[in-house]
Amino acid sequence: MADYEDDRRDRGRNRGGGGGNKRRRYDDDDDNYGRREPPQRRRQNPREGDNHYAPRREGRLEEPFSKLRRLLINIASSSKLPQTEGEEIAAVLAESWNEEKVKTDFFDVWVQLILEQPFKIPFVAGVAFIVNHEKPEIASTAIERVAERTQEALRAGQWKEFKLLLRFFACLQSLFEDDGIFTFLEQLFDTVVDLQSANENDVVGIELVKIILLTVPYALVAGGPRFHAKAQELLQKTEIVASNTLSIERVIEAYVSDNSEKPIPYYSMIGLLQTQLNNEAESGWEFAFIPRFQPPIPKKTEDGVPPPPGPSMHPFPAFSVPSPVNQGPKPLFPEAFISLYVDQEIETVPRIGDIAGSIIRDSIVDTIDQLDFNRDAVAKFLVELDCYWSVHTFAKRAIAFDRFKEEQKDKIVWKSEDMIIDAIFSQLLKLPAPEHKLVYYHSLITQCCKIAPAAIAPSLGRAIRFIYKNLDFMDLELSYRFLDWFTHHLSNFEFRWRWTEWVEYLSLPNLHPKKAFIIATLDKEMRLSFAKRIRSTLPEEYHSLIPARLDDDNSPDFKYEDPNTPFSEEGKALLHQLKKKAPAEEIQATIDAIHMKATEAGIDDVHVPSTDALATAICRLGAKSMSHLLSAIERGKEPLLAIADRSDAAKRQIVASVVEYWKDQPGVAVNIVDKLLNYQLLQPVNVIQWALGDHLGAGEPLSESWVFEMVSNTVTKVTNRNHQIVSARLVKTLSPEQITLIEEALGPARTSTRDIFKYIEDAVSGFAQGAADKLIEKEALGELAPEDVKLIGVWAKRWHTVFLRKGQVEERVISEDSVDTKIRLLEAEPEPMVEGEAEGEGQGNGVQDANGDTEML
Amino acid sequence: MAPERRIRSTVDRLDKPSSYAGSKNRRRRRDDDEPRERTPDPFDKLKDSTTLYVGNLSFYTTEEQIHELFSKCGEIKRLVMGLDRFQKTPCGFCFVEYYTHQDALDCMKYIGGTKLDERVIRTDLDEGFQEGRQYGRGKSGGQVRDEYRAEYDPGRGGFGRAHIDEYGGEREFNEYR
């Protein structure tokens, strides 16, 4: 059809950033790859794999398998039209069909490409579609091979893989007998009904509906108007599931839920998909952005010979949906829609009601997540986004925003850079958690900026400004993620940011989210760099936020050096004793001296001042670096444990002393507390009770980013430990004794985790309701302005949502119910399948990386 | 589809050990007079590795900075700074040990090749730190690469400390160890 009339090379020539010469661009990329290996080696041993990057070796006849692999992997990313490429591949395939390697190994590549490079699925299907006209047995081999892997994914609950493989079939809808994929989609929906009626909080059904809805567009593009009625029928069925809201959805919103100022209302992913498809139905199921293939022009036939009949049809592969359905390796959650650009003045990304937004987003996100093992390649694919969708979907690459505005007046096109950044941020800001570690998304953005700075940077700037503008009501965990990303990102680009833009916020109280963000940003930047350097990147107005003391490389002052500090002599003595590794009795004598003096001074808990002195001395001794600190802890931990074990107040004092000593560099304090937890000098509950008890005052610390960091890190430590216990339980070959042992650990872990979450919720909810005693007291004394009280209330609410969510998410892992369910599922698994198959699935699909050690070769 | 069949990814993986990490093992195997089958796979030692070698650091980069960046991939079990053999000052590399192999792989994928202290750093899987390996192996105590480096690098002590002729045969990746 008309989609590919333009030569892509011509489009390319107009593109900024990358320029038209793709080969040259790859070579540039290759230099980035090259950083991993010294150049000499590359010359000796030309990179053999990944022929995207390596130019074809000239003058040698290429094996059909290698040629096919190269052509297929690079489909749609060269200057040729995909239709032409498809025909070329189909021709080579038909020609070399007698080769064993082509019949078998090539389809490994085929399946792998579907799983790893979702943008290419319609094109891979296009090859099957074209080759079917000449050699239908090739198409049926492809179908068979993809079907095998699909069944495997369905059995194992690998939903992303299942969705991608299913898309391949959707793109071949015109080759299937009867209703093709629609019959199977209906079968899947029947499963959804069963799941949903068995459990009102079921999430697997939601996942399946999402898969169904994301598959339909591709099937309609390939199948044509004949299936419109089928799609309509299916949509009527999914409506009820898609419009339902689960209770957990209240805590996965990006913005504080009951706030009227949020930039976009909450949409669940499937609710939105349903609406978008309904809209598309009204406009005649156009899906103009999805690429299409046309049948090859039949070879000339001699006069009198009738033209060949239509394409050979194939039965749709039979799949069995396992019962019970396997939830998969990770707990599933409903998904919230997030966008930083949608429905703004200028339409740079599809409107909220446009199905294109979801389909393209889904494909970008899968590309990102499936290829996390090579961010350089992902960045390249993303920057080339326009290659993989119909012509005229996007404006020219790297188009300036002002020129884009002009262009948008004539016809609807989107800005591919905005869609890329939007998709990456949708993961960075995904609750409860994205597929990969957050730092992956950081480095992916960095990589995109590196390969197409002129294109990406302006879009990124608009994203940052949008988030900053809406920071006040953003979920606290997300604003922390944004902070972490922003500072890490700047550290990769000489800490360049247009700080003058935010000068106006410097006059706000420190409690204001916009000011608090600036303070936290500078602290985080300094952690990755150093004070003087960061000050040099800032306008004068910001300089007072960086304490002058930090310019010197000195360790923080030791308060006991000041003779006016109570217990000054003993404090100094302890430091000296630690330094010279004095025997325990000597240290104990000093501590006893403190206890005596403290008793005389009428101090209730004498262990508090002695703990303070010893913990501060340890900090001072270890001030030079983390290694120094660890050896200082080793020296002081026995006596410290001896006193701190006597009272909870003393334990909390350890945290207080560390934080006080490092008050200008709270990041160091956060780290030290983390190490002290590892040494079990502290229990998680001590940290939480200090941060949200002793330290909380009238609630002002709720605005301090490092307090949130300390509390979340501590909670994460607890939950990680729980997960270890649970996964130890979920092993098939445990003896009854082992089971008892694990259960004995699991019970108390469960209880103490619940206690911690309860403590946090109780501690902050008083402030959220404005009912905390100290808050009321300070307000009455006029020490807090009414605006401040309001700000504290919002902070507390944001804290509350975060830990309510974390608590609920944790229940999915550790609750009696979910552990039992998983044990039952484990026991129901057929014996021999477990090891071999699980390993096979892990191969190189990027998602199963948890067992990545099989992938080292 | 046979599950044993290894399927190659359609793009390279960034979490593979470098040629150096592999060749190092191979060289040692040749030195030993042990029978070959003792280490059938040069990468075997790295398949559960939790340690990374980190190179191209500035001499001024601190443990805290390294910790701040590398803990984004998981909790750090141990961090060993590379030191000048004589001065006992940082000489531009370190070992980062995680608790899990997966964290080390993620670090290869997500942190290797990004900047720390405004320098692009290099990560490589390592078979694990052993006492002695924290010292530079160059003649003057630092890393070999800093002996002969012709360009001025303010983050790594200025110009190279010796003439390239003396070490002409050495390759850059000999810095490792």
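Predicted model: local features only at pLDDT ≥ 70, side-chain atom pairs only at ≥ 80, totals over all residues.

## Two helices side by side

How do the two axes run? Those of α12(A) and α14(A), the latter spanning residues 269-282, come within 10 Å and cross at roughly 30°. Because angles under 35 degrees count as roughly parallel, α12(A) is roughly parallel to α14(A). The crossing of α12(A) and α14(A) is left-handed.

In soluble globular proteins, nonpolar side chains tend to be buried together. Here the largest nonpolar core has 287 residues, and those touching the most other members are A:W110, A:F168, A:F169, A:W389, A:F425, A:W502 and B:F70. Helix α12 of chain A, residues 204-223, supplies the largest share of this core, with 13 residues.

Have a look at A:F169 too: leaving aside neighbours within four places in sequence, A:F169 is in contact with A:I143, A:V146, A:A147, A:T150, A:F176, A:I181, A:F316, A:P317 and A:F319.

## Annotated domains

An unreviewed UniProt entry lists "domain: MIF4G-like type" for residues 350-540 and 558-811 of chain A.

In the model, residues 350-540 of chain A are 62% helix and 0% strand, with end C-alpha atoms 41 Å apart. For residues 558-811 of chain A, the figures are 76% helix and 0% strand, and the end C-alpha atoms lie 44 Å apart.

Methods:
Residues numbered from 1 in each chain as written. Chains lettered and ligands numbered in written order. Heavy atoms only, no water. UniProt positions renumbered as here; feature names shortened; annotations may be inferred. Helix = DSSP H or I, 4+ residues; strand = E, 2+ residues; numbered from the N terminus. Core = buried A, V, L, I, M, F, W, Y, C linked by side-chain atoms within 4.5 Å. Buried < 20%, exposed > 50% of the residue type's maximum accessible area, 1.4 Å probe, protein only. Contact = heavy atoms within 4.5 Å. Axes fitted to C-alpha atoms, helices over the stretch in contact; angles between N-to-C directions. Parallel < 35°, antiparallel > 145°, perpendicular 65-115°, else oblique. Left-handed = near helix turned anticlockwise from the far one by under 90°.
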